[in-house]
Every structure is written in C-alpha cells, then in structure tokens.
Amino acid sequence: MHRDIYDLHRKFGSEMAAESSRKIDKNTPLNYRTFYLLNMKPNRRWLVFANNEKCNHGRSFAEQGFVSWNPHRRKFALGDTVYLFFSQDRAVRVKAEVVEVGVPRADKAYWNIPPSDDKTCKLQLVAEYEGDALNESVLMEHGFKGGGSIELPLCGNTQLLDYIEEQFH
C-alpha cells in the first residue's frame, strides 16, 4: 500500500501541484482521484496567524470578501475551514473557507511588503467575530499555546478549534 502511494505521488505530484484547483469527480482518472483522496483530507479546521505588519488581511476581506493565503507546506483542501488570528488584535476575528487551491495571488494590493508569487489558496469570508471570547488570553484557557507556535498553521488541537467554532455559532 505505501509503495503504491509513493508511486502515485512521484507520478502525479507535479500534475497535482499544477492542477490542484481542478474538480475531482467520477470522470477524473482513477489513480489521480485516488491520490487526491488519499492525500487531501477535506473539511479540516485550521488556525492561522494573520500578520498585519505584512498584509492588511482585514481590509482585503472587507473589500474583496477573500484573501489569498500561502499555506506553505500545509495541505489546505477545498472545503477546509480556516480561522484567522489577527496580530494587531491578538484575537481570532475571521472564519473563512478554502474555495480554491493552487491559484495565483489576488490580494497583492493589500500587502505592506512585496508578497511571494507562490500559488495560493483562496480563503472566502464566512463570518467575522467582534466579541472578547476569542482574545489570546481566553484562547489560552482552551489549549492555545501562543508565542511562536501560532506562526505555522495549526490543525490538530481539537479542544481549541471546537471552542473557536462554538463562538461563531
């Protein structure tokens, strides 16, 4: 089994990187579809750090309804939920959904520094949060580590992500 996955990755990895936004359905070649389904776990929840010194994500959401996000080595999938922790507020303020992957950056006008030209994920605004229950100090009571740990997307802390999700309902 592991050898099959390795072979699929070697054979289709570059194709997937180039065409990761294409729709996977029953007409997609079986081995490509199998690779996608094995490696992309849809409907996960993520917590990411929005650094206002680099980009005005809040303005991008307000004016465009989305941001372009570089997930680095993390594998965001279509349908994933992404919560954004804003550096200037020290709080989670936005719930977004991954609606496209492997697309060019479309929010360059909102950057304070030159952005990378990497392929990005389009995060569509779902909801905004204005209260105090998602401030950093409160999040720490629910498993948030803070500090440098937030600089990489977080997916595995179910206690924290469950708490954040409750606040958006």
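**Rings and buried residues: a chat**

Student: Where do I start?

Tutor: With Phe49 and Phe85: both are buried, a word for under 20% relative accessible area, with exposed over 50% and partly exposed in between (1.4 Å probe, protein chains only). This is a predicted model, where local features need pLDDT of at least 70, side-chain atom pairs count only at pLDDT 80 or more, and totals for chains, interfaces and linings use all residues. Residues are numbered from 1 along each chain as its sequence is written, and side-chain values use heavy atoms, leaving out hydrogens and water.

Student: Why is the pair of Tyr129 and Phe168 called tilted?

Tutor: Rings of Phe, Tyr and Trp (its six-membered ring) pair if their centres lie within 6.5 Å; planes under 30 degrees apart are stacked, over 60 edge-to-face, and the rest tilted. The centres of Tyr129 and Phe168 are 5.8 Å apart and the planes stand at 55 degrees, so this pair is tilted.

Student: What makes Tyr129 count as buried or exposed?

Tutor: Its relative accessible area is 14%, so Tyr129 is buried. Phe168 is buried too, because its value is 15%.

Student: How do you know whether Ser87 is buried or exposed?

Tutor: Ser87 has 16% relative accessibility, so it counts as buried. Ser87 touches Phe49, Ala50, Asn51 and Asn52, leaving aside residues up to four places away in sequence; contact means heavy atoms within 4.5 Å.

Student: And the cysteines: how many disulfides are there?

Tutor: The count is zero, where a disulfide needs a pair of cysteine sulfur atoms within 2.5 Å. Cys55 is buried because its relative accessibility is 0%, and Cys121 is buried at 3%.
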